[in-house]
Amino acid sequence: MAMAMEEVISRIVQELEDIRNSQPPPSISDSSLSDLQTLLHNDSESMDRFYDELSSKSLSPSNLVSALASAMDSGSSSLSLSASQVYLSMLLFPNSPVFTLFTPMAFLSLLRSIRRCLKHRPSGQADPNGSAQSSQIGTSRKRKMGPRGRGAKKRGRSTCNEDHESGESEFDFRLEKVMNLIHLDRFPDTLKSLIQTVAEIPVLGIEVCGNLDNYGRLSKFCSQILLEVLRPEHGDQAHSASEVLKSLSPMILQFKSQARTFALEFITIQMADAVNLSDGVKKALVNLPKYLVVKAPEKSEPRALAVDSIMEIVRILEFENQIGFVEYVMKMGQGKSNLRLLATDLILVLVISLKDPLCLNSKTEVKDSWGMKCLEALIQRCSDVVAGIRSRALSNLSQLVGVLSGDSRSQSVLKEVLGIGNGGEGRVNELLRRRCADEKAVVRKAALLLVAKLTGLFGCGFHGALLKTMGMACSDPLVSIRKAALSALSEAYRTSPEESVIREWLHSVPRLITDNESSIQEECENLFLELVLERICRSGSIELPPSKGSICSFEEDFELLFPEGVLGLLREICHGEVAPWVKKICTNLGKKNKLKPKIAKALQTIIQMSESLWSRYCLPIEKWTAPPGAWFVLSEVSAYVAKAVDWEFLHHHWELLDKDDMGVNITSPDTLGEIYDDEEDVEANSVAWAGDRVFLLQTISNVSIVLPLNQLQI
């Protein structure tokens with residue numbers, strides 16, 4: 001046995017003698033690597049004799065290290081891997097001259113070897129020594145179907161697993177032990193390269209590892225090394241932590257993968273624990289979100305991923321550091337366009353994610369709260385010079401308002417800040433008016449969606465110019481804008497019975513029944529059914545209350561009977577600009593069997609109650625006319641629900657209208673307080689009477705189709 005060891009030592013030393021003067025130093029041969037492995041698996045006495053033999057030949061361990069470094073840098077993956085394993089074993093061998101064997105250059109060669117071991121070779125690229133393992137891995141992933149493809153994939157994964165398990169067994173435990181022996185504080189470049197290599201391994205490992213278990217072990221190895229470099233023995237902890245975080249940042253920002261998950265878990269769990277042991281690590285971690293802000297991409301999806309990653313880290317910081325980052329984001333809002341855009345997204349998630357943004361549970365004034373500053377900053381960005389930022393700010397403001405309005409106290413603060421309900425004079429009214437008329441379509445759409453959100457939450461506090469602007473948007477050239485305007489204006493109508501809102505809706509929405517986009521036509525029909533016809537139906541269930549000697553006028557009492565602005569709605573429906581579209585909508589709904597009998601019954605009830613209340617005031621019946629618009633709508637719907645119209649009802653009202661043969665002046669009930677003496681008013685009332693007569697005749701014509709001949713007598 002001793003004789004065999006002597007031969008092994010002699011062969012190694014002879015090769016080192018042969019290459020001692022070669023420049024650059026050539027790689028050590030495979031046979032010598034095998035001999036070295038034999039020595040390393042033997043007792044320490046064999047290695048001692050080996051070092052003694054080197055000394056007797058005027059050779060130094062550094063000569064061996066140079067040859068090993070060249071092998072580790074060689075193009076052959078098998079030779080490089082073997083040399084790396086031998087080098088690590090020599091460093092860890094008992095009583096080895098560690099400080100002679102360890103050199104920064106050799107250690108860098110070791111790191112490059114590790115990186116190459118894990119890199120995925122392009123398909124078809126063969127190993128210089130005939131190894132095609134990496135090629136098998138590459139091609140196996142592309143073969144999906146057939147026995148051959150499955151076999152190649154299986155063999156590729158098998159080879160991959162073998163390479164990985166071999167590399168892991170040789171590198172992870174040994175590399176960590178080497179770091180316990182050698183302190184890298186004297187070799188800052190080596191430390192930096194080590195950090196970069198280990199941080200790159202999780203990315204490369206995705207291509208190499210065959211399953212999650214292998215990748216989990218690889219990730220654990222990387223975590224152990226990265227935690228090891230944070231020890232004070234390896235240099236300034238703040239600097240080391242900064243290097244670790246910088247090296248992990250690319251995988252955090254660029255894509256969703258196992259590598260990103262590894263990086264975030266390492267930072268938010270293991271590194272967060274190390275914060276308690278070192279102020280330097282804490283400082284680096286606090287600065288990481290700011291570093292990620294600078295590195296964040298501008299494109300939408302990568303930027304959203306960056307925001308998520310940043311918030312993962314901000315959540316683990318102490319509250320005072322979180323507020324420090326909020327202040328940093330406020331400054332970003334005044335910076336370059338890419339920073340303003342990112343700040344717009346960060347403001348939303350900061351307010352949503354962090355506790356008590358408006359300081360409602362603390363002694364701090366709401367106006368001085370960090371959440372209020374965020375809200376103000378977001379409102380400012382709604383007027384940014386860049387259209388993309390304006391639209392993003394409007395969209396985020398819509399989400400933010402939705403989240404904060406869940407609390408009644410927050411809701412009141414929001415209404416105050418936005419100026420909602422101040423008679424249309426609030427700051428948000430002017431902002432939305434300008435943005436709804438913005439030159440960029442994406443901004444107009446975002447503004448209209450915000451209007452719909454605010455209206456749904458707080459009711460309609462928007463008047464005048466903003467309502468007009470929303471109405472104009474219903475005629476926008478872009479389909480998406482017309483849909484957004486339709487939604488916003490309809491939401492305002494749902495929440496407010498005010499006449500100005502009803503008027504704007506009726507003059508803007510029904511005309512969309514002729515839109516060239518079929519989905520808008522259908523939405524127009526559905527909204528008219530919901531907001532007009534169903535509202536009228538609800539009024540049909542109202543009964544005339546007993547007389548109590550009211551001191552109100554007929555008009556006031558009649559308006560009080562019908563909430564939700566139904567009388568104003570009917571009055572505006574028969575407007576010359578609205579009526580043609582209403583006729584078209586009723587025709588479409590009737591053909592689709594969406595008109596229900598209760599609509600006709602409700603209109604009859606409204607007309608009858610008007611007549612009954614008129615009689616209660618002891619006013620001459622020959623001067624009564626139905627509420628404007630009632631006969632018009634009834635004439636349209638009766639064509640499809642004729643059986644719901646009572647023939648006696650029609651006969652009675654035909655007799656009333658027919659009495660004007662004597663030249664009686666007819667006065668409309670919504671304008672009567674006393675008999676008009678003005679000739680223009682008389683003429684207007686005569687026109688209203690004539691219109692009602694036409695609509696009544698049309699209704700009679702519709703109903704007569706379904707009645708027996710013996711009942712058709714007027």
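This is a predicted model: local features need pLDDT of at least 70, side-chain atom pairs count only at pLDDT 80 or more; totals for chains, interfaces and linings use all residues.

Residues are numbered from 1 along each chain as its sequence is written, and side-chain values use heavy atoms, with hydrogens and water left out.

**Salt bridges**

- Searching the whole structure turns up 27 salt bridges; the term stands for a side-chain nitrogen of Lys or Arg within 4 Å of a carboxyl oxygen of Asp or Glu.
- One of them pairs R381 with D384, and their closest N and O atoms sit 2.9 Å apart. R381 and D384 are both buried, where buried means under 20% relative accessible area, exposed over 50%, and partly exposed in between (1.4 Å probe, protein chains only).
- R390 and D438 also join up through their side chains, at 3.0 Å from N to O. R390 belongs to helix α19 (residues 387-404) and D438 to the loop between α21 (427-436) and α22 (441-458), so this pair ties together parts that are 48 residues apart in sequence. As for helices, they are DSSP runs (H or I, at least four residues), as strands are (E, at least two), and they're numbered from the N terminus. R390 and D438 are both buried.
- Then there's K592 with E525, whose closest N and O atoms are 2.7 Å apart. This pair links distant parts of the chain, 67 residues apart: K592 is in the loop between α29 (579-591) and α30 (597-616), while E525 is in helix α26 (residues 518-539). K592 is partly exposed, at 45% relative accessible area, whereas E525 is buried, at 3%.

**Helix α29 with α31**

- The axes of α29 and helix α31 (residues 630-637) come within 9 Å and cross at roughly 30 degrees. Axes here are lines fitted to C-alpha atoms, for helices over the stretch in contact, and angles run from 0 to 180 degrees between N-to-C directions.
- That makes α29 roughly parallel to α31. Angles under 35 degrees count as roughly parallel, over 145 as roughly antiparallel, 65 to 115 as roughly perpendicular and the rest as oblique.
- α29 goes past α31 in a right-handed crossing; a crossing is right-handed if the near helix is turned clockwise from the far one by less than a right angle, and left-handed if anticlockwise.
- On the α29 side, A579, V582, K583 and C586 make the contact, and on the α31 side it's F632, E636 and V637. Contact means heavy atoms within 4.5 Å.
- Sorted by class, the residues of the contact of α29 with α31 are five nonpolar, no polar and two charged. Ala, Val, Leu, Ile, Met, Phe, Trp, Tyr, Cys and Pro count as nonpolar, Asp, Glu, Lys and Arg as charged, and the others, Gly among them, as polar.

**Helix α16 with α18**

- Helix α16 (residues 319-332) packs with helix α18 (residues 370-381) at an angle of about 20 degrees, and their axes are 11 Å apart. α16 and α18 are therefore roughly parallel, with a left-handed crossing.
- F319, I323, V326 and M330 of α16 meet W370, K373, C374 and A377 of α18. The contact of α16 with α18 has seven nonpolar, no polar and one charged residues.

**Helix α22 with α24**

- α22 and helix α24 (residues 479-495) have axes that come within 8 Å and cross at roughly 20 degrees. That makes α22 roughly parallel to α24, and the crossing of α22 past α24 is left-handed.
- Residues making the contact include A441, L448 and A452 of α22, and I481, A484 and A488 of α24. The residues of the contact of α22 with α24 divide into 10 nonpolar, five polar and three charged.

**Two threonines in α10**

- T190 is in helix α10 and is buried, at 2% relative accessibility. Leaving out residues up to four places away in sequence, T190 touches F102, P104, F107, L108, L111 and L184.
- T190 and F107 are 83 residues apart in sequence, yet 7.3 Å apart in space from C-alpha to C-alpha.
- T197 is found in α10 (residues 188-208) and is buried, with a relative accessible area of 2%. Setting aside neighbours within four places in sequence, T197 is in contact with L111 and R115.
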